[in-house]
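Have the viewer open as you read.

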Amino acid sequence: MKNYFNPLISVIIPTYNRARYVTRAIDSALAQTYKNYEIIVVNDGSTDNTREVLEPYFTKINYVYQDNQGVSSARNTGIQHATGEWIAFLDSDDEWLPEKLSVQMHEIVQSDNNVCLHTTNHLVIHDQNNKTNNLDITGFSKATEIVNIVERPLKYQIKYGLARTPCAVIKHEALFDAGLFDPELSLYEDQDLMCRLALQGAWGVSKLELVRVYRREEDILSLSKQRINKPLKSIESLVYLYEKLSKNSQLTPEEKQLVIKTLYSYIGTLGMELIKMKEKSKAYFILRQALSQNISLKLLLKYSLTFFPNNFASWVASSWQRIRQSTKSPRLNFY
């Protein structure tokens, strides 16, 4: 008989060239007041001294090495090695507060174990030690009074990024039912999986800030920097994941409408980014195809820019981007 009051949690920590930080992440997992866990560290082909700094922990962790394949593959490798009833992810440059897992397991028990995922709030800490509260900055806290249980969480995941990878504990079976991380994605792979998990059942939510997510200046190109430095790839990833999600048969009519609306919003964003880069022919094709399936004034206005001279169209697209970034809260949006 399964013990729902003290289930084994598999903590998966993928790492790549973060020897300076990975031990702090592990220490924060080892410091948990909840004690029934295993820690799986997946070294995704690091070329620094990651293995050397991890050797003192080998009696406390399950160490797995693989050739560099990206964060999605590394997390999937960790899942394949996991034996816990619940799975928790911790990035190698982030940290948990000691009571994180205890709070989550307690709230899962309070829900009669009727959730497939439980997530918490987190603090984003920048190099300058500036701190931002995630649920406040995304607008979730003001938009809803939900405190404990979300029965259909997809709309909250799309609008607010409700569950983030280092904040969630997830039922092992729900991860496999959702399909694990998509190896094709190296950006927004977490959003992709969370949207699919949002169709697996209800979620528990705690507004307590139990995770510290760090935004550091690093030599390696972190995923958050890639989203800024490689906007085209970033937007293409969002279009890919929402196009895939729009075909999911588990969507309610309301959810499908929201997914399609989000998809075409990002297609419009992709078109504007291509125009900004003076790739008008590609933008023309993408926006025309989108308009043939979903006519909207926003798409039509962006499509019309492909008929203007390159320099003018690029200037308009760049100006539009700056205006949108200055007026929008930092959710999962670009334009």
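## Salt bridges first

A salt bridge here is a side-chain nitrogen of Lys or Arg within 4 Å of a carboxyl oxygen of Asp or Glu. With that cut-off, searching the whole structure turns up 10 salt bridges. Keep in mind that this is a predicted model.

One of them pairs D93 with R18, whose side chains meet at 3.5 Å, N to O. D93 sits in the loop between β4 and β5, while R18 sits in the loop between β1 and α1 (22–30), so this pair ties together parts that are 75 residues apart in sequence. Buried or exposed, where does D93 fall? D93 counts as buried, at 9% relative accessibility. R18 counts as buried too, at 14%.

D192 is worth a click. It forms a salt bridge with R196, and the closest N and O atoms are 2.7 Å apart.

K244 counts as partly exposed, at 29% relative accessibility. Through shared partners, salt bridges join D182, D192, R196 and K244 into one network.

## Helix α4 and what it packs on

Which residues of helix α4 (residues 100–110) are buried? They are K100, L101, V103, Q104, M105 and I108. These buried residues pack against a set of strands: β1 (9–15), β4 (86–89), β5 (95–96), β6, β9 (168–171) and β10 (203–215). After α4 comes D112, which has a positive phi, near 60°.

## N121, a buried asparagine

Strand β6 (residues 117–126) holds N121. Its relative accessible area is 2%, so N121 is buried. What does the side chain of N121 reach? It gets to the backbone nitrogen of L135, at 3.1 Å.

If you leave out the neighbours of N121 within four places in sequence, its contacts are N133, N134, L135, C167, S206, K207, L208, E209, L210 and V211. L135 is therefore on the contact list of N121 as well as being its backbone partner, with a contact meaning heavy atoms within 4.5 Å.

## A nonpolar patch outside

Now for the surface. F307, F308, F312 and W315 form a nonpolar patch there, and together they have about 470 Å² of accessible area. F307 belongs to the loop between α14 (297–304) and α15 (310–327). Its relative accessible area is 57%, so F307 is exposed.

## The whole chain

Zooming out, the protein chain has 15 helices and 10 strands. Of its 335 residues, 56% are buried. Contacts between residues at least 6 apart in sequence join residues at least 24 apart in 75% of cases.

Note on methods:
Residues are numbered from 1 along each chain as its sequence is written. This is a predicted model: local features need pLDDT of at least 70, side-chain atom pairs count only at pLDDT 80 or more; totals for chains, interfaces and linings use all residues. Side-chain values use heavy atoms; hydrogens and water are left out. Helices (H or I, at least four residues) and strands (E, at least two) are DSSP runs, numbered from the N terminus. Buried means under 20% relative accessible area, exposed over 50%, partly exposed in between (1.4 Å probe, protein chains only). A polar contact is a pair of N or O atoms within 3.5 Å; within protein, one must be able to donate a hydrogen and the other to accept it, and residues adjacent in sequence count only if both atoms are side-chain atoms. Patches are made of residues with over 30% relative accessible area and no salt bridge: like charges are joined within 9 Å, nonpolar side chains (Val, Leu, Ile, Met, Phe, Trp, Tyr) within 5 Å. Accessible areas come from the Shrake-Rupley method with a 1.4 Å probe; for residues, only the protein chains shown count as cover.
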